[in-house]
Amino acid sequence: MPCVLVVDDQKDVRAMVSIVLRVNRYDVVEAESGAGGLKAFDENVFDAAIVDIFLTDTSGIEVMAAIRERVPGFPIVAVSGMTALDFIGEAPGLDGVVCLQKPFRPNDLLQALRKAQGDAGGELSAAV
């Protein structure tokens with residue numbers, strides 16, 4: 001099964017995202033902070049990441065940039081409830097990051113994940 005890293009400091013959001021992914025046959029590793037997300041990324045093999053832009057300990061932009069430094073072109077979905085996310089593509093190293101505005105429906109999340117993987121040249125194999 002494909003494995004997705006979910007980095008969000010809101011427990012309820014992480015839980016909802018994780019349930020949607022697990023029901024659709026993804027393995028999920030949750031992190032409640034940017035530091036925790038990067039630690040998990042270094043210790044596991046992931047097929048994609050879902051990262052909140054606004055984290056309590058750091059910027060989600062910094063987390064995504066660090067992930068992309070380790071694995072250029074890695075599939076990432078950026079989520080935020082506070083801002084339009086159109087600027088992401090202009091940030092260095094973050095081209096191809098798929099943006100998703102909170103609140104979102106489960107199907108929107110799955111479509112964003114598939115798009116991120118497709119843009120990275122791969123395809124997540126979980127049934128959706």
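Two aromatic pairs were identified in the predicted model. In one of these, Phe 41 and Phe 46 are stacked, with a centre-to-centre distance of 6.1 Å and an angle of 10° between the planes. Both of these residues are buried. In the pair formed by Phe 41 and Phe 74, the ring centres are 5.1 Å apart and the planes stand at 85°, so this arrangement is edge-to-face; the assignment follows because an angle over 60 degrees counts as edge-to-face.

Nonpolar packing was examined next. In soluble globular proteins, nonpolar side chains tend to be buried together. The largest nonpolar core comprises 21 residues, of which Leu 5, Val 51, Met 64, Ile 67 and Ile 76 touch the most other members. At least two residues of this core are supplied by each of strand S1 (3–7), H2, S3, H3 and strand S4 (76–80). Helix H3 provides the largest share, four residues. A second, separate core contains 20 residues, among them Val 6, Ile 50, Val 77 and Leu 109. The surroundings of Ile 76 were also listed: when residues up to four places away in sequence are not counted, Ile 76 touches Ala 49, Val 51, Met 64, Ile 67, Arg 68, Val 97, Val 98 and Ala 116.

Helix H4 (residues 106–119) contains Gln 117. With a relative accessible area of 10%, Gln 117 is buried, because the class covers values under 20%. The C-alpha atom of Gln 117 is separated by 9.4 Å from that of Val 98, a residue 19 positions apart from Gln 117 along the chain.

Charged side chains were then considered. Side chains of opposite charge can pair when their charged atoms come close. The whole structure contains nine salt bridges. One of them joins the side chains of Glu 32 and Arg 14, at an N to O distance of 3.9 Å. This pair links distant parts of the chain, with Glu 32 in the loop between strand S2 (27–31) and helix H2 (34–43) and Arg 14 in helix H1 (residues 11–23), 18 residues apart. The two partners fall into separate accessibility classes: Glu 32 counts as exposed at 53% relative accessibility, whereas Arg 14 is buried at 8%. Glu 32 and Arg 14 also belong to a network of salt bridges that includes Arg 22 and Glu 30.

A further salt bridge is formed by the side chains of Arg 70 and Asp 42, with an N to O distance of 2.7 Å. Here too, distant parts of the chain are linked: Arg 70 is in helix H3 (residues 60–70) and Asp 42 is in helix H2, 28 residues apart. Arg 70 is partly exposed, with 39% relative accessibility, and Asp 42 is partly exposed at 49%. The side chains of Arg 105 and Asp 108 meet in another salt bridge, at 3.1 Å from N to O. In that pair, Arg 105 is exposed, with a relative accessible area of 55%, while Asp 108 is partly exposed at 22%.

Finally, the annotated position was located in the model. An unreviewed UniProt entry lists Asp 52 under "modified residue: 4-aspartylphosphate". Asp 52 lies in strand S3 (residues 48–52). The relative accessible area of Asp 52 is 4%, so the residue is buried. When neighbours within four places in sequence are left aside, Asp 52 is in contact with Val 7, Asp 8, Asp 9, Gly 60, Val 79, Ser 80 and Lys 102.

How values were computed
Residues numbered from 1 in each chain as written. Predicted model: local features only at pLDDT ≥ 70, side-chain atom pairs only at ≥ 80, totals over all residues. Heavy atoms only, no water. UniProt positions renumbered as here; feature names shortened; annotations may be inferred. Buried < 20%, exposed > 50% of the residue type's maximum accessible area, 1.4 Å probe, protein only. Contact = heavy atoms within 4.5 Å. Salt bridge = Lys/Arg side-chain N within 4 Å of Asp/Glu carboxyl O. Core = buried A, V, L, I, M, F, W, Y, C linked by side-chain atoms within 4.5 Å. Phe/Tyr/Trp six-rings, centres within 6.5 Å; stacked < 30°, edge-to-face > 60°.
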